[in-house]
Amino acid sequence: PRHPAIAWVEWGTLCAVVLLAAWLRFNRIDQAEFLWDQAEISKCGLKMARGGQIAWVGTLSSTGLNFFMGAAWLMAIPYAITSSPIFATGFVAFINLLAVVGCYFLARHWFGRVAAMVATVLFAVSPWAVIYSRKVWHLSFLPPFVLLYAATGWLAFVRGRRWAAVAHVLALAVLVQLHFSAFPFIFLSVVWALVFRKRLDWRAALIGGVLAALTFVPYFVVDAQRDWRNVRRFVEIMQKSSVVSADALYNTWI
């Protein structure tokens with residue numbers, strides 16, 4: 001059995017790291033970035049929370065495609081309490097703080113206390129993690145749901161839990177609803193399903209798939225009413241020739 005002193009050190013250190021993460025994310029929250037995207041997402045959340053106008057299509061992305069409605073629905077939560085953009089930004093910081101805590105427990109279960117603490121400290125103080133935790137933006141909503149996606153995936157594919165198969169597919173749907181960058185997670189789940197096909201409850205996964213698909217129906221119904229504007233734009237993007245660019249390296253340097 002583990003010595004009580006070690007447990008006190010572990011939990012005391014974790015509390016200190018979480019407090020540090022909270023200070024970095026909430027300190028001067030009124031000075032967080034709030035520009036066009038933040039205003040547009042906030043307007044969708046406000047219309048839902050204050051005006052009762054349910055958002056079936058999200059804001060317009062830089063690609064010309066409308067996002068799915070996940071961000072608008074999520075931001076309706078803080079705006080149902082108050083119309084303050086500071087409070088809404090704090091809500092984003094809060095769910096990202098939960099992601100820091102979740103990071104520790106998930107990593108601890110898989111890799112042990114030392115690895116979990118190192119990962120959590122790095123996550124807590126990472127400049128980019130802190131900056132995006134203080135921002136009403138589609139990408140800023142992903143971390144806590146990515147952890148949920150990973151945890152339910154492990155329970156569904158490795159442990160063979162039936163309920164987790166449903167939860168995993170729904171968590172995947174939430175990620176895609178929040179931002180298009182989550183699409184690769186679909187292929188990751190497919191790979192996991194093939195690797196652990198003997199442990200996966202396929203009937204539960206099918207139920208989850210049907211429920212997840214239903215969440216996208218309103219988006220495409222609205223798009224059909226708009227002459228399939230988003231679908232046609234997506235086809236146009238896919239038909240463009242690929243381009244080799246060093247922009248990613250340049251942006252990393254910046």
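**Reading the pockets**

Mentor: This is a predicted model. In the largest pocket, the lining residues divide into 14 nonpolar, 7 polar and 1 charged.

Trainee: How is such a space found, and what volume does the largest pocket have?

Mentor: The general idea is that rolling a probe the size of a water molecule over the atoms shows where empty space is left. Here the largest pocket holds about 530 Å³ of space.

Trainee: Which residues lie nearest the centre of the largest pocket?

Mentor: Ser61, Thr63, Leu65, Phe67 and Phe180 do, out of 22 lining residues. Among the elements, α11 (217-225) and α12 (229-239) each give at least two residues to this lining, and α12 has the largest share, with 5 residues.

Trainee: And what is the volume of the second largest pocket?

Mentor: About 270 Å³. Its lining has 13 residues, with Met69, Gly70, Trp73, Val174 and Gln177 closest to the centre. Both α3 (70-81) and α8 (162-178) supply at least two lining residues; the largest share, 5 residues, is from α8. By class, this second lining has 10 nonpolar, 3 polar and no charged residues.

Trainee: Now the cysteines: how many disulfides are there?

Mentor: A disulfide needs two cysteine sulfur atoms within 2.5 Å, and a search of the whole structure finds 0. For Cys103, the nearest cysteine sulfur is that of Cys15, 16 Å away.

Trainee: Is Cys103 buried or exposed?

Mentor: Buried means under 20% relative accessible area, so Cys103, at 14%, counts as buried. Cys44 is buried too, at 17%.

Note on methods:
Residues numbered from 1 in each chain as written. Predicted model: local features only at pLDDT ≥ 70, side-chain atom pairs only at ≥ 80, totals over all residues. Heavy atoms only, no water. Buried < 20%, exposed > 50% of the residue type's maximum accessible area, 1.4 Å probe, protein only. 1 Å grid on protein atoms, 1.4 Å probe; cavity = no way out; pocket = protein on both sides within 12 Å on 5 of 7 lines; lining within 4 Å. Points joined across faces, edges and corners; volume = space filled by probe spheres on them. Helix = DSSP H or I, 4+ residues; strand = E, 2+ residues; numbered from the N terminus. Nonpolar A, V, L, I, M, F, W, Y, C, P; charged D, E, K, R; others polar.
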